[in-house]
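Welcome, and please have your viewer ready for a short walk through one model. We will select a few residues at a time and look at what surrounds them.

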Amino acid sequence: LGDLDAAGFEWVSTRTCGSKFMQSWRELRDYHARHGDANPPEGTPLAAWCDAQRLAARKGLISDQRLDYLRSLGFAFLDDDDDDRAQGEQPPR
């Protein structure tokens, strides 16, 4: 432990809000609580984050745990242009 202390290891995390994903997911959760859906208006930072999650899911770059977090809000994984988006189409598990 002395070596870690000497190296400047921080024993208490300075992170207060968690990962960027969880920060944005909590913002989306709050949006969902206020509006009843997980589709923030286009042109907002939250909508851009949602688009990035859709792209990551399409490319298989998002973990199952994160997919489950998004699914818990009824997140639609398809783009606005896709007719199935309103049905909450989900990426395969």
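Is D30 buried, partly exposed or exposed? D30 is partly exposed, because its relative accessible area is 36%; here buried means under 20% relative accessible area, exposed over 50%, and partly exposed in between, using a 1.4 Å probe and protein chains only.

Before moving on, note that this is a predicted model, in which local features need pLDDT of at least 70 and side-chain atom pairs count only at pLDDT 80 or more, while totals for chains, interfaces and linings use all residues. Residues are numbered from 1 along each chain as its sequence is written, and side-chain values use heavy atoms, with hydrogens and water left out.

**Stop one: the salt bridges**

The term stands for a side-chain nitrogen of Lys or Arg within 4 Å of a carboxyl oxygen of Asp or Glu, and the count comes to three. R29 is partly exposed too, with a relative accessible area of 34%.

Next, select R54 and D51, whose side chains form a salt bridge at 2.9 Å, N to O. Being three residues apart in helix 3, they are separated by about one helical turn; helices are DSSP runs (H or I, at least four residues) numbered from the N terminus. R54 is buried at 2%, whereas D51 is partly exposed at 32%.

Then go to helix 4, where D68 and R71 lie three residues apart, about one turn of the helix. Their salt bridge spans 3.2 Å, N to O. R71 is buried at 19%, and D68 is partly exposed at 33%.

**Stop two: the core**

Now show F21, W25, L28, W49, I62, L70 and F75, which touch the most other members of the 17-residue largest nonpolar core. Such a core is a set of buried Ala, Val, Leu, Ile, Met, Phe, Trp, Tyr and Cys residues joined through side-chain atoms within 4.5 Å. Helix 2 (20-35), helix 3 (45-58) and helix 4 (64-71) each supply at least two of its residues.

Centre on F21: leaving aside residues up to four places away in sequence, F21 touches W49, Q53, I62, R66, Y69 and L70 (contact means heavy atoms within 4.5 Å).

**Last stop: a loop**

Finish at N39, in the loop between helix 2 and helix 3. N39 counts as partly exposed, at 30% relative accessibility. Its C-alpha atom is separated by 8.5 Å from that of L28, 11 residues apart along the chain.
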